[in-house]
Amino acid sequence: MLHYLMKRLAFGVLTIWFIATATFVGMHAVPGDPLMSDKAVSPEIRKHLEQRYGLDKPIMQQYQIYIMNMLKGDFGISFTQQNRRVNDIIAEHFPVSALLGVLAIGYATLGGIMLGAITSLYRNRWPDYLLIVFVVLGISIPSFVFASIGQLMILKVNAWLGFQLLPVAGWGSISHMIVPSLILGLGILAYLTRLMRSSMLEVIHADYIRTARAKGLSSQRIFYRHQLRNAVLPVITVLGPAIAAITTGGFVVELIFAIPGLGRYFVQAVQQLDYTVIMGTTVFYGAFLVLMVTLADLLYGLIDPRIRIQKVA
Amino acid sequence: MLISARLYLQSSLLIPLIISGLTSKAILFIMLYSMMNSEVLAGLAINSAQRSIAIAIADEPPDLSSLTTTDSLSIMILGHVVEGLVGYDAHNQLSPAVAERWQIDDKGATFWLRKSARWSDGKPVTAHDFIFAWQTALAPKTGAAYASILYPIRNAEAINKGKMPVDKLGVVAKDDHTLVVSFEKPTPYFLGLTAFVTYAPIRRDFYMKHANSYGAEAEKILYNGPFVIDEWVHGASLQLKKNPHYWRRAQVKLDTIDIPYITSDPGARYNLFKAGSIAFAGLNAEVLKDALKNRYKIRRFVDGVLFFLEFNHRPNRITANLNLRRAIQAVLDPDVLVNKVIGIPGNIPGKSLFPKWLKGVHQQFRVEYPAKEVERDYDLARHYLAQAKQELGLESIPPLVFLTGDSPNASKEAEYFQRVLKRHLGIDLKIDKQIFKQRLARMKAGSFDIVSAGWGPDFDDPITFGNLFASWNENNHGQYRNSEYDRWVAVAENTIEPQRRMAAMAEMQRILIDEVALVPLYERGTIYLQHERLKGVARRIFGGDPYFGFAYIE
């Protein structure tokens with residue numbers, strides 16, 4: 001186990017290094033100039049700005065300095081937000097995205113497992129068809145559509161009630177989180193439902209289910225102990241990347257509901273060529289993704305002992 | 001936001017989800033809570049008892065240090081919390097601020113500061129605070145993009161270029177409340193410059209305490225304006241409170257300007273306005289229809305920005321040919337662009353580099369010196385085109401590269417230009433859409449034939465537009481070069497007499513139109529909604545817009 005963990009850790013570090021390097025190269029390959037603003041500056045001022053952000057040095061040296069600072073946990077100062085440290089940006093805004101993401105993924109996972117199980121139980125009957133329609137919609141409609149509609153719904157519901165049931169946008173209390181997290185989790189919910197459905201249908205024909213039936217176990221017990229537990233494995237696999245994706249993919253929802261998450265900085269930094277913020281957020285999310293995938297793998301082993309043994313061997 | 005009717009129907013799926021997301025207990029609790037606080041919750045946009053309003057902004061203000069800031073959003077916030085020597089009154093005229101009175105001639109200026117002007121910690125604002133701010137903005141290591149706006153002060157340019165120490169700046173404090181400025185050369189528009197944010201005072205001891213983080217947090221800024229930033233949660237909210245030490249505090253009618261929402265989505269801001277959560281919201285074409293349907297009062301404001309087509313005048317470029325430019329101008333119609341293509345009310349078709357609102361000697365500049373009308377004439381255009389082909393020795397004109405932005409509006413405009421040039425001149429336009437910084441980089445490198453450009457004025461004088469086409473201007477991306485034009489710019493910049501200056505400006509206007517240095521497209525108009533009980537909001541071209549310093553709740 002320890003050996004396995006060490007190996008995973010080594011691969012994780014290598015992956016993050018690769019992400020950092022690829023981002024650095026890609027970022028510098030994009031045409032455009034991070035120090036350019038609508039007000040043209042004189043060459044002298046420009047020289048000083050380049051010095052401040054270390055852009056006056058050769059690119060290999062910039063890379064070296066960057067990686068060294070990153071190892072020390074320092075992502076530098078933002079190009080576009082005067083005097084603001086990238087570390088502070090991540091520390092202040094990631095918890096917001098994470099909270100929203102955890103709420104979204106929490107209900108999406110529970111809901112997905114539940115709905116997936118229901119569809120498989122009612123296969124080819126109307127609850128199955130209804131949910132499948134919902135799943136297709138949930139997967140194919142982008143979140144900005146749901147977000148706009150969700151906001152309009154809040155407006156309409158509030159107007160109909162005559163008082164403010166839920167705030168239209170903003171951040172600060174639990175009532176601000178309800179609709180955005182519902183919308184954020186919708187895609188994952190739909191995806192997990194589909195995944196769970198096919199996985200349940202696969203398991204239903206397995207030998208051990210037939211054995212269980214032959215033993216005379218109640219169908220409830222078969223469903224919970226044997227079917228669900230075995231069918232949930234693929235869900236765990238996608239959960240790791242999904243958590244990472246949902247905390248990064250919240251940009252549109254954050255925008256429409258005026259939520260101060262990290263997603264906005266992540267996207268805007270690329271548009272504004274804010275080198276340090278691009279590097280900081282990408283490396284941070286990369287590390288987060290690696291962590292989540294590793295955790296999912298460990299969890300996998302806990303749920304299914306066979307996998308644990310195989311990996312050690 | 002594109003929402004089709006079909007999708008809207010499907011959304012009814014969401015209602016049970018929203019409801020099921022709450023337990024019945026929670027619903028009950030929220031209902032009771034909301035009823036108890038219904039006045040507070042429904043009246044967030046304005047609150048007359050607490051004299052507070054709520055607004056939304058599009059982005060986190062990127063730079064709240066008055067020394068280095070350049071963007072309009074930061075300048076809007078700073079316009080409420082810092083104050084320079086002069087400011088703008090409710091009618092957008094220059095008026096006394098920290099300076100009580102002044103005297104300006106062609107050698108320099110003297111400002112007498114009011115003794116009642118205070119920093120937000122209660123200490124007096126002195127002449128030394130202005131000297132410190134100006135010296136710091138000019139110090140090359142500060143890297144202030146707007147340092148050049150201080151160049152009329154003696155030695156400022158040399159200091160900014162690192163050729164002189166900062167203490168050689170031509171400004172002295174005769175005493176704590178008398179500031180004496182000497183000019184590099186006569187500067188007739190100097191008073192207007194001192195209202196610009198880079199000229200705002202900064203106190204040395206406070207700045208030194210936060211040298212590398214000044215402006216990064218609410219408590220790392222010292223205020224001397226009508227408001228202070230009481231709270232700033234990055235990316236989430238700002239709260240401005242009335243400054244108890246402000247010298248004109250009796251005239252400030254609002255106690256709080258709450259900014260609890262930061263979102264660049266105009267649809268979301270409009271929804272917040274509809275919900276009664278904010279008192280002020282800009283509109284775009286997408287939400288305009290709904291706003292009209294709701295019978296909101298739609299207000300208009302011309303924000304001073306001019307949009308135009310800038311040609312690449314570099315000698316190796318085909319657009320350096322005058323007749324080709326004339327042909328292109330003769331087929332483009334700003335009226336059609338404004339009314340049919342953009343379609344949002346409020347924009348004014350462009351006729352000159354100098355917008356309509358600029359002041360001349362006694363009245364508007366364009367009233368005193370009307371711009372020559374350009375005829376839209378397709379036959380004439382084809383005649384110019386034939387001449388251009390002959391001069392260039394070309395059978396046909398190769399496709400032209402049109403550099404533009406990535407907004408939906410930019411695409412609509414580009415398609416209009418493409419269609420018109422193809423239909424009437426047979427010229428192909430290759431559209432090169434780029435995000436802002438890449439577009440700027442391409443403009444600077446000269447990799448375009450025509451670029452869609454915009455210019456917002458920095459101070460209240462026609463020269464802020466006029467010197468844009470001076471050969472030495474860094475923002476002259478098309479590299480238009482004309483020595484006669486440069487001479488007139490010099491006259492307008494360094495003559496005191498208004499009559500001569502405006503005559504020079506008129507010559508500049510004539511040259512630009514005769515030479516088709518640019519094709520003016522439109523003066524930008526914005527449309528917006530304002531809470532019906534909120535009055536006295538100043539919309540202004542300079543000093544930060546919108547301005548709530550004179551606003552009150554009826």
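1. Between chain B and chain A there are 11 residue pairs in polar contact, both residues at pLDDT 80 or more. A polar contact is a pair of N or O atoms within 3.5 Å; within protein, one must be able to donate a hydrogen and the other to accept it, and residues adjacent in sequence count only if both atoms are side-chain atoms. The model is predicted: local features need pLDDT of at least 70, side-chain atom pairs count only at pLDDT 80 or more, and totals for chains, interfaces and linings use all residues. Residues are numbered from 1 along each chain as its sequence is written, chains are lettered from A and ligands numbered from 1 in the order in which they are written, and side-chain values use heavy atoms, without hydrogens and water.

2. Helix 17 of chain B gives the most, with 7 residues. Helices (H or I, at least four residues) and strands (E, at least two) are DSSP runs, numbered from the N terminus. By class, this side of chain B has 31 nonpolar, 19 polar and 12 charged residues. Ala, Val, Leu, Ile, Met, Phe, Trp, Tyr, Cys and Pro count as nonpolar, Asp, Glu, Lys and Arg as charged, and the others, Gly among them, as polar.

3. Chain B brings 62 residues to the contact and chain A 60 residues, where contact means heavy atoms within 4.5 Å. The area buried between the two chains is about 5,600 Å², 66% of it from carbon and sulfur atoms; buried area is the accessible area (1.4 Å probe) that two parts lose on being put together, summed over both.

4. The rule finds 1 salt bridge across the interface of chain B and chain A, a salt bridge being a side-chain nitrogen of Lys or Arg within 4 Å of a carboxyl oxygen of Asp or Glu. Glu60(B) and Arg84(A) meet in a salt bridge, at 3.6 Å from N to O.

5. Two backbone sites deserve a check. Asp545(B) and Pro546(B) are joined by a cis peptide bond, with omega about -5 degrees; Pro546(B) lies in the loop between strand 19 (534-535) and strand 20 (552-553) of chain B. Asn83(A), in the loop between helix 3 (59-71) and helix 4 of chain A, has a positive phi near 65 degrees. Most residues other than glycine have a negative phi, and most peptide bonds are trans.
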